[in-house]
Amino acid sequence: MRFLKRHDFGEVRGLELGWSPVGKPLMTTMCYRFGPVLIDTGLAHMRPEVLRMAKQNPVDAVLLTHYHEDHSGNAGAIKAGFNVAVYGSAQTAEKLATPYGIYPYQHLVWGATDSLKIDIFPENLELNGVRFIPVHTPGHSRDHTAYFVSEHGWLFSGDLFLSRRIKYFRADEKIDEQIVSLKKVLTLDFDTLFCGHHPKAENGKAAIAAKLQYLEDFYGKVAELARTGMAESRIMGALHLKEQTFIKLLCFGNVSMKNMVRSVIRSLPQK
Ligand SMILES: [Fe+2]
């Protein structure tokens, strides 16, 4: 099933995209339009819809929050088709310069990103009359970058937020870095959170603060038990943390609650 839904946030339009071989997609991804500026490009499986949108309403610049294929999946096609600049961080540029491997579930749900050459985002860039300020916010991925638009109180947050209480991590996510990144964006003055999956038209800062609190509590509880020498599985049992078995199996273990626990343990100083 091809899923496309438009969301209206005043001057910003959200395009919610998803794809599934059967039934409704398990997960959808947002990309955003601010006039001719496109923030993230959606999944490759929805390329015809994204290219049609870019043809109907011309795009003159693309910003990428990170390299993951549900965000960067159509960047190469837009760049090639409309000859526009695609901007991202130096790490995003490095990652997208050559093909990178993805799991079968990622091929199935989103499709692969074609490698492409992107421009490294300058410290400040004025697009469509406003300044976009990149904020390096690693943790979900090493290259993760949010874009802050001070004059409108907007934060394009990619996958920094996702939800107040998250139930699983990818194997390469770092909880300690996420906590630092969430604290960093809380110093900015924004209200609208243009999340890559679950936007908050208002009170975006409260949503970020709630996620920070949740991750700090999680970190504290897991770290306390881990310092006693308790193993991952026993920590999960002691804290009544449940695995989402279907998701874990679908993703070959790359996405799980255990990864969240493991991420805390990995961040602790080694004895
Ligand atoms: Fe992501």
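Student: What makes strand 9 and strand 10 a pair?

Tutor: Four bridges join these two antiparallel strands. Pairing requires at least two bridges found by DSSP, so strand 9 and strand 10 qualify. Strands here are DSSP runs (E, at least two residues) and helices are runs of H or I with at least four residues, numbered from the N terminus. Bear in mind that this is a predicted model, where local features need pLDDT of at least 70, side-chain atom pairs count only at pLDDT 80 or more, and totals for chains, interfaces and linings use all residues. Residues are numbered from 1 along each chain as its sequence is written, and side-chain values use heavy atoms, leaving out hydrogens and water.

Student: How do you know which residues are donors of the iron ion?

Tutor: Donors are N, O and S atoms within 2.8 Å of the metal (3.2 Å for Na, K and Ca); water is not among the atoms, so sites may look incomplete. His66 (NE2), His68 (ND1), His140 (NE2) and Asp159 (OD) lie 2.1 to 2.3 Å from the iron ion, so they meet the cut-off.

Student: Why is the site of the iron ion called irregular?

Tutor: Its four donor atoms make angles of 87 to 177°.

Student: What does the pair His68 and His140 tie together?

Tutor: His68 lies in the loop between strand 5 and helix 2, and His140 in the loop between strand 9 and strand 10, so the pair ties together parts that are 72 residues apart in sequence.

Terms used: Four donors count as tetrahedral if all angles lie between 85 and 135 degrees; four count as square planar and six as octahedral if opposite donors are over 155 degrees apart and all others between 65 and 115; anything else is irregular.
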